[in-house]
2 protein chains.
Amino acid sequence: MACVGHIQQGLWRHPRDQATQYNTLEYWTGMARTLERGLFDGLFLADVLGVYDVYGNSPDAAIREAAQVPLLDPMLLVPAMAAATQHLGFGITCNLAYETPYLFARRVSTLDHLTGGRAGWNIVTGYLDSAARAMGLAAQMAHDDRYDLADEYMELVYALWEGSWADDACAAGAAMGAYADPARIRRVRHEGPQYRLDAIHLVEPSPQRTPVLFQAGASDRGRRFAARHAECVFVNGGPKPGVAALVADLRRQAAARPLCIMVGATLVVGRTEAEARDKLEDYRRHASVEGALAHASASLGIDFARYGMDEPVQAGPTQAIQSNVDAMARQAGPTWTKRKLIDQFVLGSRQPPIVGSAEQVADALMGWVTDADVDGFNLSRTVAPECLEDVIELVVPILQERGVYKRAYAPGTYREKLFGAGPLLAPPHPAAAHRQVAEHANAAG
Amino acid sequence: MACVGHIQQGLWRHPRDQATQYNTLEYWTGMARTLERGLFDGLFLADVLGVYDVYGNSPDAAIREAAQVPLLDPMLLVPAMAAATQHLGFGITCNLAYETPYLFARRVSTLDHLTGGRAGWNIVTGYLDSAARAMGLAAQMAHDDRYDLADEYMELVYALWEGSWADDACAAGAAMGAYADPARIRRVRHEGPQYRLDAIHLVEPSPQRTPVLFQAGASDRGRRFAARHAECVFVNGGPKPGVAALVADLRRQAAARPLCIMVGATLVVGRTEAEARDKLEDYRRHASVEGALAHASASLGIDFARYGMDEPVQAGPTQAIQSNVDAMARQAGPTWTKRKLIDQFVLGSRQPPIVGSAEQVADALMGWVTDADVDGFNLSRTVAPECLEDVIELVVPILQERGVYKRAYAPGTYREKLFGAGPLLAPPHPAAAHRQVAEHANAAG
């Protein structure tokens, strides 16, 4: 995330952490080069459009702890990182609720062109009332309504990306001495409950047209959305049987479509187990309970500043991240308390790290694949960039040795690298249907 | 402009022109390095949000001639160009009418951070009905109403950039072991006729806070807006007395504030006058009348496809670029025709090139400074990048010799380089007033 403190709150205070350089290009191009050296598939940047102000009904704790504030626009980091790399993909979170479809579609197409087909979009609909207020609204839309809005939005951007310019619009134009053939460019006309649009897409087809689509919604409605639209799905860690059930449900709902499912993980690796334990102790001296409470209050929709340590927490319905609330209630039991929450914090968040020697960490990762049927991992940073270097230098070679990690990048776009197919989305993905229309649009003029 | 055909329509067909590489990072980083080698102050990227569909009531001509379509998002080119340079400034056009102030302010602050204070914004309010339709509106706002909207928008983004975080918010935070001191960050609350917002700015202060502000409105209302907000003003070429009067009026209205006024110019330079004339003939073989008509129809709000060559043109009131219409009517006289318009096209636009040996071009540029009191030039490309290399290799050394062109970049941000003052805007610029409020905001909490 393009900020100082991301998930593991407080670790930016560690003397070797470089996250306070988040506002320089060098920090990001260095990170991208490191990941490409480690043959990572992609770099994923999360985003939120508001501040965490549920805790104590104020953003003060988040500001003090730099818990995702200040926060830059993540999309603008990509072009410089793309220029510094050749293969690394980029997954960028963008909240569709506050972006005009026409302009957003152009931004994404621009990124896909400039990166040579390495753009990915993590589709989110937001969960913060503070973001809604920043946009001039009294509060955000209700949880399930946001997904209805998102479904309409997706059809609209698919129409722009896939349905406006035929594949051969420029080639046919060149054959007649023009740049593009207007007969092979279709105007997109849309009048829906939430959006209206009447325009051709401003950008000629990019390598992937639709970027690789990521999604992380784990609620019932969120999974239905993911099963329809997402190619890659992020799931939170937690007890493996729960994750395995979630993964099975996602795959069942996506039916014929392959999904690349990545589980969130935080790794603390040493050359030996003892070294890893020492590293954990060193890191956790900087973990921030206040930052973690500010973050958890916002994502659970519960103001923990109002609770004593052992007072039962009332987790009623919330417009926040529904799956987080459900998961917390499941883990903590019917009566849970702030103390139980804080006990879960290890490195400044509820996401517990996997700690061990390189062999142990490799075992744990492979265990996730076997036991929960995930395809990969969304690693969150601890002390950066050393946490990435540790993985690349210590864990990757072992995984390669075991034949479960690539030794070189596959050719092609981000989609081709991830799925061995592409560069365009194929049926039955709903985006592909818009392309069919375009290919037959000429007769209609 | 992040497109194939910009102002001089059709020249992308010249065998040495590289504009069809517009969708690669290499094209842009190469251009930026070339400009920095030539000690250019900045690279300016124009933008429009719709297609030119006034001519023949269709976008077909613009599409065939690649007249500003396809068109990428210009902002996304900047981070890669910034990573490839150290001093070059970046002026980016963004139409405020379709951008949420809160998100736009974050984008610009992000750019100013990543470029180390080299961000500039060309404020436009749009002039195309096709853009409005793309956004789901029936038509755009009326000309003068767009400027009223813009005035409100400016106050809002000033409040975010200048008024939310105190200069020492992070330093004061560090002194107390925090990242930032919440008491030194002010929530911006705004309820105006067009916008509502209630939020802190998501980004800590960037080197310039408010980017260098550019504007090009030359109508009466546009000049009033420019005189209040702009630091740099683009004016079109044309007969010098008219430009001189416009420049004098802008300076009078801006009163105590210095303005950097740049006149649009297209240069065709040779080592000798004969070589320049030959180059012009070579270039103009590729100039596109159809592309120029499509562009002129949109910017004048007149469909020239409906006119015979010698039929009098009815230039009634328009929501397009008012100053263009006025200028055309002035130049062509009370009855003007399509033939008179086409006669003005030399290289595929109404902007006539300055053609000559390096000495002659240097004389012409200095004549503009003397006669019209401009500070500099906004050069549009012909056959790129060779047109820039010609200027840098042939004209710049002569201007340096004559003591009117720098021999090295000044230190500091874009604003400091241009004005020798900064990095922040100073009174009486309206942005500075918001900063004063922030500095005294602590007592109010």
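A hairpin of four residues links strand 4 of chain B to strand 5 of chain B. Strand 4 covers residues 188-191 and strand 5 covers residues 196-199. Strands here are DSSP runs of E, at least two residues long; helices are runs of H or I, at least four residues; both are numbered from the N terminus. The two strands of chain B pair in the antiparallel sense, over four bridges. Pairing requires at least two DSSP bridges between the strands. Arg189(B) sits opposite Asp198(B) of strand 5.

Before going on, the ground rules. This is a predicted model: local features need pLDDT of at least 70, side-chain atom pairs count only at pLDDT 80 or more, and totals for chains, interfaces and linings use all residues. Residues are numbered from 1 along each chain as its sequence is written, chains are lettered from A and ligands numbered from 1 in the order in which they are written, and side-chain values use heavy atoms, with hydrogens and water left out.

Now chain A. It has 17 helices and eleven strands. Its radius of gyration is 22 Å, close to the 22 Å from the globule rule for 445 residues, so chain A is as compact as a globular protein of that length. That radius is taken over C-alpha atoms, and the rule is 2.2 Å times the number of residues to the power 0.38. Along the principal axes, the C-alpha atoms fill a box of roughly 70 × 50 × 40 Å.

How much of chain A is buried? Of its 445 residues, 63%. Buried means under 20% relative accessible area, exposed over 50%, partly exposed in between, with a 1.4 Å probe and protein chains only.

Contacts next, meaning heavy atoms within 4.5 Å. Take the contacts in chain A between residues at least 6 apart in sequence: 77% join residues at least 24 apart.

Two residues to look at. Val263(A) is in strand 8, residues 260-265. Val263(A) is buried, at 0% relative accessible area. Beyond four places in sequence, Val263(A) touches several residues, including Val235(A), Trp368(A) and Phe377(A). From Val263(A) to Gly301(A) is 38 residues in sequence and 23 Å in space, C-alpha to C-alpha.

Then Glu65(A), in helix 2, residues 60-65. Is Glu65(A) buried or exposed? Glu65(A) counts as buried, at 8% relative accessibility. Outside four places in sequence, its contacts include Trp12(A), Arg13(A) and Glu290(A).
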